[in-house]
Each structure stands twice: as C-alpha cells, then as structure tokens.
Amino acid sequence: MALADTVLTETIIDISDLHTVLDTAGASCGPFVSDQSYCDLHQRISAAPGRHIGYVDACGVEGTVLDQLRPGYADEKFWHYILNDSFARYPTHAWRQILPLVAFPRPRIEVVKRNWTFEIKPKTSVLLYPFGWSTRISLRIVGRHSLADLADVVDHLFNGQCIKPLGATTPLRLVEYFGRVADGVRTDAFVGAHTNDVAEQMPLMVITVLAKYGPSASAMNLTSDEQRTMLRLVRPTNRVSSKPFADHIRYLLPNDPFQYALVHEGSYFMWVQSLLNPEKRYRQLLRCHHNNTFESLERAKHLKALIANSEDSPSFGTEDVLVQSAVTELRKPKYKGKLVLDFVQTQEVKDLLTEVAG
Amino acid sequence: MIVTNKSAVDVRNLTVALFNSDFATLRLPSFPTLLPGFNSVNATASIEANPSAQFKQQQVLFALTYNWISQGQWVTAIQGSAVSIQVVRPFDEEAKGLLGGGAALLYLLLPVIPLVLGYQLMDRSLSGKFQFPTFGADYVVPAFLVAVLINLILLLAFKQLSVDYAEPSTMVAIILGSFLAGLGFAAARRYEDVRLVISWRYDDHDESLTYLKKALLRPDAPSAYETATGTDSEGATWSGVLLAQPAAGPALGATFQVSTPPPGNANAPRASHAEVDQVFTDGSIRPGRAPRRELVKLLEEHKLVPNRAVGITHDGIAKDTNVVTSLKELHITGRTATQLVRYT
C-alpha cells in the first residue's frame, strides 16, 4: 500500500493521565469522601440548570484548577450498559456504581504546533472518581495530514514542549502539564500536597481517524518503513520495537485489514473502515465508537488501579464496596468493546482478579 | 503405355479404351493425331479396381483404335493389348512385414493413435492435471473400431485416394494430421477452457488492473471469494485469495481496496458518489457482473485507484506480486470468506 497516498482530514486523539488515590481522609472537598455526600453532589448537579454547577458551589471554595462540575456520564447507550436503570436515578447509584464527575481545568490550553498546516483543537477535562482522577486532553486534528504527520504530532506531544496554557509564556511538556493539573486536583479534590496517590506509568491514548481521502491503511500490507511509521503512532520513540508488527495489531473484526487497533502498552490507534464514511450518521457512529472505546478503557484502567492498590489503601480496602464493584465489573465488563475485553483478559488483570478472590 | 507403329504407314487418331467392368478408368492418355511409320509414343493410363474386382491376378484389356490409309481408302482398326494386374487387399504388402500379419493392424491403427494421443494431450492440459498421454489397453477396442470406421470413411469418401504408408511424407502427414485432429477435437469440446487459457490466464507479473479484471470478469467468475491458507509440496505455507488458474492448479491472489483519488487537482478524474454507489454498497461490491464491469471501467479511467489490501504471504512474508501461479501441489488447510475488492 502506498501509505503516503492516504490523506487524513480529521483525526481525534484522546489522552488520559490516570491517578489513584490511596487515602482520601481529610479531603478538602467533602462530597468526595462518602457515599451519601457523593450521591448528593451528583443529585445536585443533575438538578441544576444545564446539569452543571461551579466547583465553588460544590466544595465551598474556589478551585485552584477545577472549575465547573458536570456528571461524567450521559443518557447514552454506553452508560446504560454500565448501569441499567432510569437515567434520572443514576445519581443515587453514583457511589456504588462508581459513576464519575467531570470538571474543567483552568486555564485553557493551546497546542504549540510545528510547521503544520492543519489545525489542532484541544479540549481538556478532569474525570473525578472518589478514589482518583484522570486528566484528559482531547485533540481534534482538522485539515489534510498524513499518517506520518500524525506520528509527528504524537511524537511532539510526548517528546516536545507542546502544551501552552493560555496566558503562559513558555509551553510545557505534556508530562509537566499533567503534573500541574494533578497538583491542582490534589488540592481541590483530595488532600492537597499530602495526597497519597499513584499514577499510571504510561498515559492512556486512543487515536481514531475520523475522515480521510485515498487508500486506507491496511494492517496486512505494509512495508517495513510503513510499519515503522504506523508504530510511531502508538510508540513515540526512535527505539526499534522488539515485537513484530503483527503482535501490535488487534483486529476489531476477524482478519479484517481495515478494522483494527494498533496497540502498544497504553496507546491505541484505531482504523474503523466500516464507519469511515462521510455520511453524517456514520460520522456520529465513528465518534461514538471512539468515545466508547476511550471511556471504557479509561474506566477499566481506573478500576484495575483501584483494585491493585486496595491492599495498600487505608480508604479503599479490598472489602470496600467500590473495590467489590470494580472487581465485579472487571470480571464481567458490561460494555463489550473489543479492546476493553482484550484489556480485562490480559494476564495482569486476570492475576489481579484471582488474587483479590483468593 | 508404349505404342509402336511397326509399319511404314502413318497412323492417325490413335485412342485407347479400357474393356473390363471390374476396373474403372481414372485417366486415359491422349496421343498425337499423327503417329508416323516406325515411330513410337509413350503415355500413362490410370485405372483402379472396382469393389467388384476379385483379389487375384486380373487380365485387363486395353483396346487401341486408330485410322490408316489402305489403297487410298481410310480404314479404322482396333487392336487389343492385355495387361496383367494383381488385385490385393489393403495393407497386403505391409501385412507381410510382421509374423501373423500384425503389421496390418498397426497400420490400420496408425491414424488413430496420434488422434487419441493428441486428444488426451489437449484434454489433460486443459484439465490442469497434466500427465503424459498413454495408449492403454482399454483404448484398443474403441481404437480398433474407430480405425475401421476411419478407414471405411476414407475408402468411401475418397475412393481414388491411395494411401501408401511406405511413403515417408505420407506417413508424416497422416500422423501429424491425425494428431492435430485429436488436439482440435479436444479443444473444440473444451472451448470454454481454451478461451480461459488464452484470455484469462493469470500471470505473476499482472498489474493491479489486469489482475482485477481477470479475477472479476472472467467467465464463471465466483460471486464470493475465499482466503486460503495451505502448504505446498516443499512444506512452505501460503496464504492468499484462492483463484482458479485455467489449465493449472490453484493460484493465489491479493485482495484490493479501491478509493477515489484525493481532491487537489481539479482536472484529475474522480468517481462521483453516484458512480461509486453503482458499484459498491457499504464498501462491498454489489452482486452481479454489471457492477464489476463498471468497477473495471472506473479503474481504467483512473477515477478509482487500486491499492493492495492484503498481499499473498509465503512463509509469513508478504509477496510483492498481485498473484502467484507457480504453486507446487498446494494443500489447502483453511478457508475464510473474504472480499476481493472493497471501496475504502
């Protein structure tokens, strides 16, 4: 395949930096520390006009980075897989069913580009659970770009100074930005600088091509150079991968070279040919597919981290209701996306669940 | 035939006639109007035995009629001349070549054996399972019957034809003609196969468009395709779209994606949505030959661009060709449905 002939016109990149808090005692924002207060907060937010309230209204003080609070779920199929009840009753299940909140961090950011002609539109948010959070950056790339350009963007995100908070003079590296937001979240939602939290080693990243011209990137007919380019999408390093290219491929449909995810550690690049159609309904379905994949993986990783840290956590021990809910959900995921099923079938997760059961 | 005028008198209007109902005249000679005294003339007469002629020594009488002047008067005279001719059965001479007259049988079969071999050669070549032709014992009886019939037909249709196998050129012509007739008969019987071999045979060097054209538009092209995996006689593993190579075993091909060229050059041809919709539904080619013909047309007009989707693999390594035909006894171990071409 001539990968160079593939012209992408819209791509979305979602990145999530996950943290698990081991001890929430003394959290600055009361609603995050108990079942009742957490559900009440969800109830308040759901009842508020526009289904959002200011952070100050929830916690009584101005947040250092957190601003508006919204439910981290919507009246959509994905969440109905997670919780099969009337959407109006979701707030009452918020604690036991581990429903998150979403806050919007301040300030907004822009992405410092190299000399690319396409646009990169960023959005940030923070997903809040009683036991942790994840800082999300969603980048929508609009305009003609190639897969090699996309790989350069990923490289720039992970290795360059690419994030510039509005008003700041110098751009930050991604890890620095995540660090700054994490400090703010610790202060706003947990125990400040004393928060005992564990971060995932690698952020979760899901990339999906939403629109393109020309040939599609077949997983089964790439030259070694093209394979290297593709791998850079999920592995932004110059080091040669020890695994063969085929081991990075997860077929979303059996042996379909145009419906696959390229996977490396916590990074996923998805090509979903059946939905890569300019028609509006396909476009919406593709966007949903991306969102569901990202959210399900992010949720599964949060739940896995909660279980993995439960032995050392004073707040969320192995008998805690949240940990038990997490175990139940990971044992039998309710949203059966291919990639999340793959994740829960990894030996690491299986061993963890066996250990908890024992 | 030599005619000598033994007198001093000139002889005029000399003619010859055959007087024997068991023989038919094929050609009688014409003599000069004047045969002067003490002169001779030679000529050739051709006759053949009628079916009524007995197989024995025959006396054939030729009557020579001529005019001469006797005492100032023209007179007509007739003189007879008998010729001894041995009438023998066909292959009578050849039959003496082998003990028991076996040679006659072989000569009888001579036109049939190349015919059968030629037929087998073509038939087996077109079936894709080539073996060197054989003339087995089970062929003897039908071949003998065919031989008798052929010789009978030749005898009835070409009575004047005298086949002399002792003549090398005749023998070569008979063998070659018979062989070609066998080839032709098999080719006619398997006309579709011959057409496939000539026009639709895959080649390892086929370009994308040629390959797709052959795979999609060949007579009796399958409506659905399968990816086959298997091993060849050397134990190497293969994977690719299973194709039928005319007059050979299976061939393997690549699957393709076709897409519209990126916009940019306004003058460059691009397939419209309507044109694409005529050919594809949800990325898959519509059933029937018309969408396939339309697809090939769009590819020929460069309104759609083909790119390989899944190549052929040999021991896990992708081959850089669209089709592989030189497979040695591929043993297929798995098949899965696949799309030969899809719109992306």
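**Figure 1. F78(A) is a buried residue in this predicted model.** The side chain has a relative accessibility of 2%, and because values under 20% count as buried, F78(A) belongs to that class. Y335(A) is likewise classed as buried, with a relative accessibility of 13%. Ring pairs join F78(A) and Y335(A) to Y73(A), W79(A), Y81(A), F87(A) and Y90(A) in a cluster. Over all chains, the structure contains 17 aromatic pairs.

**Figure 2. Y119(B) and F185(B) form a tilted aromatic pair.** The ring centres are 5.5 Å apart and the planes stand at 35°. Planes under 30 degrees apart would count as stacked and planes over 60 as edge-to-face, so the pair of Y119(B) and F185(B) is described as tilted. Helix α2 (residues 112-127) of chain B carries Y119(B), and helix α4 (residues 168-189) of chain B carries F185(B), so the pair ties together parts that lie 66 residues apart in sequence. Is F185(B) buried or exposed? With a relative accessibility of 54%, F185(B) counts as exposed.

**Figure 3. An open sheet in chain A is built from three strands.** Strands of a sheet pair through backbone hydrogen bonds, and the pairing may be parallel or antiparallel. The order here is β5-β8-β9, with antiparallel pairing. Which strands form the edges? The edge strands are β5 (109-111) and β9 (172-173) of chain A, each of which pairs on one side only. Strand β8 (residues 161-165) of chain A runs antiparallel to β5(A) and is joined to it by three bridges. Within this part of the sheet, I163(A) in β8(A) has V111(A) opposite to it.

**Figure 4. Two helices of chain A, α8(A) and α10(A), pack against each other.** A pair of packed helices is described by the angle and the distance between their axes. For α8(A) and helix α10 (residues 347-357) of chain A, the angle is about 135° and the axes are 11 Å apart. That angle makes α8(A) oblique to α10(A). The crossing of the two helices is left-handed. Which residues make the contact? From α8(A) they are V327(A), L330(A) and R331(A), and from α10(A) they are V349(A), L353(A), V356(A) and A357(A).

Key. Residues numbered from 1 in each chain as written. Chains lettered and ligands numbered in written order. Predicted model: local features only at pLDDT ≥ 70, side-chain atom pairs only at ≥ 80, totals over all residues. Heavy atoms only, no water. Phe/Tyr/Trp six-rings, centres within 6.5 Å; stacked < 30°, edge-to-face > 60°. Buried < 20%, exposed > 50% of the residue type's maximum accessible area, 1.4 Å probe, protein only. Helix = DSSP H or I, 4+ residues; strand = E, 2+ residues; numbered from the N terminus. Pairing = 2+ DSSP bridges. Axes fitted to C-alpha atoms, helices over the stretch in contact; angles between N-to-C directions. Parallel < 35°, antiparallel > 145°, perpendicular 65-115°, else oblique. Left-handed = near helix turned anticlockwise from the far one by under 90°. Contact = heavy atoms within 4.5 Å.
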